[in-house]
Amino acid sequence: MAAGVAAWLPFARAAAIGWMPVANCPMPLAPTDKNKRQDELIVLNVSGRRFETWRTTLERYPDTLLGSTEKEFFFNEDTKEYFFDRDPEVFRCVLNFYRTGKLHYPRYECISAYDDELAFYGILPEIIGDCCYEEYKDRKRENAERLQDDLDSENNQESMPSLSFRQTMWRAFENPHTSTMALVFYYVTGFFIAVSVITNVVETVPCGTVPGSKELPCGERYSVAFFCLDTACVMIFTVEYLLRLFAAPSRYRFIRSVMSIIDVVAIMPYYIGLVMTNNEDVSGAFVTLRVFRVFRIFKFSRHSQGLRILGYTLKSCASELGFLLFSLTMAIIIFATVMFYAEKGSSASKFTSIPASFWYTIVTMTTLGYGDMVPKTIAGKIFGSICSLSGVLVIALPVPVIVSNFSRIYHQNQRADKRRAQKKARLARIRVAKTGSSNAYLHSKRNGLLNEALELMGTPEEAHVGKTTSLIESQHHHLLHCLEKTTNHEFIDEQMYEQNCLESSMQNYPSTRSPSLSSHQGLTTTCCSRRSKKTTHLPNSNLPATRLRSMQELSTIHIQGSEQPSLTTSRSSLNLKADDGLRPNCKTSQITTAIISIPTPPALTPEGESRPPPASPGPNTNIPAIASNVVKVSAL
Amino acid sequence: MSGCRKRCKREILKFAQYLLRLLTGSLHTDSVEDELEMATVRHRPEALELLEAQSKFTKKELQILYRGFKNECPSGVVNEDTFKEIYSQFFPQGDSTTYAHFLFNAFDTDHNGAVSFEDFIRGLSILLRGTVQEKLNWAFNLYDINKDGYITKEEMLDIMKAIYDMMGKCTYPVLKEDAPRQHVETFFQKMDKNKDGVVTIDEFIESCQKDENIMRSMQLFENVI
C-alpha cells in the first residue's frame, strides 16, 4: 500500500459504514491505538543540514531505518535530534520518498554512492519510481559492465589452473593477448591471409612474355609456384578451422556462425578444384569457384574490430538500405520508360529497350554520366535533365538520413527492448506488491489468531509471536476483515484457492447437495441463523487436506495448553467483547470465526475438527465428531 | 458583407500562419501541453474556522485530513479516476472500481464530477461523527443509485455485486454466481416490510434500528481519526 494513500485509510474505513446494513454477521472489533501520540515533528540532522518532518511520515515504512526503532540508535540526547553522518544530498531523495511514496534517482549522483546510501537507510532500489527507473537501471548496468571488465582483465592476467586444454585453446583463439602462443598464431594466420589475397591478385597480372606466345598472366607463367603458395595457405586455413572446431564450446553454434561459414567458403574452392582438375566440361564452373577465393579477405574481420562493427551496422541498417533500393528502383523504372519512349523516334539511338535504358538512368541519377548513352531528341534531353536533377535528390538525400536513421534506430531499438523488458518487470513488481499486501493480511490473520490463542493460555510472554504490525497495517487488515464479514467469504491465497477448486471438482458427494453450496450454507447457517431452511450438511468433506493440516498446527498448540472447558463460553464471547445483547443464535451456533478452542480430552484428535451442526453431524464425516463445544478455526 | 470580409481576412491570416509554420518547420507544435493546462483545476478550500464550524471535527483533525488529502490530490479536487485508484489500493485482491464509483457518487453531493475537500469533510463528518440516523441516511443514499428515494432490487444487486467484486476470485468458500443475488434476497426480506419490492428510507431506518448487529457496527468506526 503506497504511503500517500495511507492518509486515505481513515476515509476508506469510514466508507465501510456502507457495508454495515448489508452485512448479516457481526463485525470484528476495530484495532485501538494503544499509544496514541499527538503527531510531532522530528528533526533529522544529516551532516549539519537539518530536515524536519512529521513522525507519522516516517512511520509509513516501518521496515526501513527511519521508520523503525533503528533510528533511536542515532538519537542525540543533548540536541534532541537524530544525527546521521551521511550525504545530505541523497538524504533529500530518501526523505522525499517518505513524503511522496516515490523514490527518485538524481542524474548527477554516482550510482554506487546512491546504492550505498539506499542500503544504509534500508530501502530497496526496486521501488524507484518509473520516471527514474530506466536511468537507474542503465547506470547500474554500465557500472556492472565496468566491474565485469575489470574482473575479466584481472582474470586474464592471472593463470587459471583449472581450465581444460580445450578451454585454453578456445580462449587463445578468441583473445590473442592471453599468451604468446596465441599471439604468434594470430599473426601467422593474418600473414597467410594477406599472402593468399595478394597471390590471388598477382595471379592475374600480366607478367611479361614468354617468347613465342602472347602475354601471359603470372598465374599461368609460374603456375607451380602459385599452386604451392595456394596449397600452403589452404593447409594453414584448414588446420586453423579444424582446431577452432575442436576447441569450440558449442560446436553446433560455431558451425552456424558467420566466421566459420566464411572460413569454409574460403577453403572449399581449393578442394573442389583438387577433385575435379581434369574435367573440361566443368572447368568453367571451376573458374567461377576461384572467385570465391576472394572471400578470404573477410577472414580479416577476425583481426579487425572495425570490420565487424561495419558488418553489424549494415546488417542492422538493412531495412533502410532496402527502402533506398526500392525507391531507387521505382525511379529508375519510371525514368527508363520515359527515356525509352522519348528516344524511340530518333534514329540509331542507343535506347533499344527499356532495360537498356536502365543503364542510362542509373548512370545519370548517380551523377556519374559516362556518356556512352546520350539522348538526342529534345524531349529526351528535357527528361534526361529532369532525371539527373531528381537523381541528386533521390541519391543524396537518403544517405545522411540513413546514417542518422541508423544511429537513431539503433538506440531506439535498444530503448524499446529495454522498455519492454522493464514493462514486464514493472508489471511483475506491481503484482508482487499486490500479492505482498494481500499476503500480509493473510499472514497477520494467522499471527493474530496465534496471538490470541497464546494469550488465552495465560502465557503472556509468548503472546507476541509474530512481528508487531504498525497501526496503519492493523487498521487496513481490520477493514479487509469487515469486508469478509459483510460478504461471508474469506480471503485466501492463490494456492489454497487452486487446491480448493481441485478438491471440490474431484470429490464425489453422497449428499444431494453440491459441496460449495453446502459449505456456504454451513457458514451462513451457523453464523446467521436467520435462515430457516437449514438441514444437515456436510461439514467437512470439503475441507481440503491443507486446511486440516493448518488447523492441526493451531489446535496442537491448544492441546499443549491447559484445558479449561469453561473457557468456551468466555471465548465465544471474546469476539463480541463489548456487546451486551448477543444474538442468542450466534452464541450457541458455536461458530464464530477467528476463535480457537480446545477439544475436549477424550476426543482429542490432532486433526482438525468438524463444524458440528446443531443437529447431528453429517453422514459423511471422516473425522470423528468432537464434542459440541469445539469450534472451527477459521485460520487458513 | 462585413462579416464575410472578416471571415475572409481570418482565413487568409490562418493560411499565412500555416505557410510560415511550414517554412520554419514548426508545423507540429505540441498540443499536449495546451490540454494539460486546461485540465488542471485549482481549488482552494474554505477557511479552517468555517470548516470547523460546518463539520464536527476539531482543527487538528481537519489539519491532518487536509494534509493527507492534498498530498494525494495537489490540485485540490479528486476526480473519479483518482478516487478509484486510491480506493483500489486498499483492496489488492479484487476489483473495487464499481464500488468506488458508487462511493464517489455518494460523496459528490453536488454532482459536479469532482470531490472537493468540503465534500470530503461533509461526508466524513456524517460517517465518523454523525448520529446513527444520519449514518443510516448516508448509507441509504449510497444504495439508492438514482437518488429517487427508493432502493429497488436491481440497485441493491448492483451494489452487492460491487461489494463482492472487491473480494476478488480467491475466496473461501468459492464465490458462486448467485451469491450477491441471494444476499439481496436476504436483505429485502429483512428490510422490505410491506413487501412492495422497494425499500423506502423509513423502512430502511426502522429495520436497521431493530437489528442490533447493524446498530453496533455503526459505532465501530468512531475512533478512526
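The following conversation goes through selected features of a predicted model.

Trainee: Let us begin with salt bridges. How many does a search of the whole structure find?
Mentor: Over all chains, the search finds 24 salt bridges.

Trainee: Which residue meets A:R244 in a salt bridge?
Mentor: The partner of A:R244 is A:E240, and their side chains meet at 3.0 Å, N to O. Both A:R244 and A:E240 are buried.

Trainee: How are those two placed in helix α10?
Mentor: They are four residues apart in helix α10 (residues 223-247) of chain A, so about one helical turn separates A:R244 from A:E240. In general, residues three or four places apart in an α-helix point the same way, because the helix has 3.6 residues a turn.

Trainee: What about A:R302, which residue does its side chain meet?
Mentor: The side chain of A:R302 forms a salt bridge with that of A:D263, at 3.3 Å, N to O. A:R302 lies in the loop between α13 (283-291) and α14 (305-316) of chain A, while A:D263 lies in helix α12, so this pair ties together parts that are 39 residues apart in sequence.

Trainee: Are A:R302 and A:D263 buried or exposed?
Mentor: Both A:R302 and A:D263 are buried.

Trainee: Which residues do salt bridges with shared partners join into one network?
Mentor: The network consists of A:E240, A:R244, A:D263, A:K299 and A:R302.

Trainee: And the salt bridge of A:E77 and A:K80: are these residues buried or exposed?
Mentor: The side chains of A:E77 and A:K80 meet at 3.6 Å, N to O. A:E77 counts as exposed because its relative accessibility is 51%, and A:K80 counts as exposed because its value is 55%. The cut-off for exposed is over 50%.

Trainee: Back to helix α12 of chain A. How far apart are its end C-alpha atoms?
Mentor: The end C-alpha atoms of helix α12 (residues 258-275) are 26 Å apart.

Trainee: Where does α12(A) bend?
Mentor: The helix bends by about 30° at A:M268, and a proline, A:P269, follows within four residues.

Trainee: Which residues of α12(A) are buried?
Mentor: The buried residues are A:M259, A:S260, A:I262, A:D263, A:A266, A:I267, A:P269, A:Y270 and A:G273. Among them is A:D263, the salt-bridge partner of A:R302.

Trainee: New topic, the surface. Which residues form the nonpolar patch?
Mentor: The patch is formed by A:I198, A:V201, A:V202 and A:V205, with about 310 Å² of accessible area together. One of these, A:I198, lies in helix α8 (residues 180-203) of chain A. A:I198 counts as exposed because its relative accessibility is 53%.

Trainee: Is A:N200 buried or exposed?
Mentor: A:N200 counts as buried, because its relative accessibility is 16%. A:N200 is also placed in helix α8 of chain A.

Trainee: What is A:N200 in contact with?
Mentor: Leaving aside neighbours within four places in sequence, A:N200 is in contact with A:R293, A:V294 and A:R296. Between A:N200 and A:F226 there are 26 residues of separation in sequence and 8.9 Å in space, C-alpha to C-alpha.

Trainee: Which residue has a positive phi of about 50° although it is not a glycine?
Mentor: In chain A, A:A348 has such a value. A:A348 is placed in the loop between α15 (318-343) and α16 (354-365). With a relative accessibility of 77%, A:A348 counts as exposed.

Trainee: What about phi of B:K147?
Mentor: Phi of B:K147 is near 50°, which is positive in a residue other than glycine. B:K147 lies in the loop between α8 (132-143) and β3 (150-152) of chain B. At 31% relative accessibility, B:K147 counts as partly exposed.

Trainee: How many helices and strands does chain B have?
Mentor: Chain B has 12 helices and five strands. Of its 225 residues, 42% count as buried. The accessible surface of chain B comes to about 12,300 Å², and 54% of this belongs to carbon and sulfur atoms.

Trainee: Last one: where is B:S96 found?
Mentor: B:S96 is found in the loop between α5 (80-88) and α6 (97-107) of chain B. B:S96 counts as buried because its relative accessibility is 1%. Apart from neighbours within four places in sequence, B:S96 is in contact with B:Y87, B:S88, B:F91 and B:M166.

Conventions: Residues are numbered from 1 along each chain as its sequence is written. Chains are lettered from A and ligands numbered from 1 in the order in which they are written. This is a predicted model: local features need pLDDT of at least 70, side-chain atom pairs count only at pLDDT 80 or more; totals for chains, interfaces and linings use all residues. Side-chain values use heavy atoms; hydrogens and water are left out. Patches are made of residues with over 30% relative accessible area and no salt bridge: like charges are joined within 9 Å, nonpolar side chains (Val, Leu, Ile, Met, Phe, Trp, Tyr) within 5 Å. Accessible areas come from the Shrake-Rupley method with a 1.4 Å probe; for residues, only the protein chains shown count as cover. A salt bridge is a side-chain nitrogen of Lys or Arg within 4 Å of a carboxyl oxygen of Asp or Glu. Buried means under 20% relative accessible area, exposed over 50%, partly exposed in between (1.4 Å probe, protein chains only). Contact means heavy atoms within 4.5 Å. The expected span of a helix is 1.5 Å times one less than its number of residues. The bend at a residue is the angle between axes fitted to the seven residues ending there and the seven starting there.
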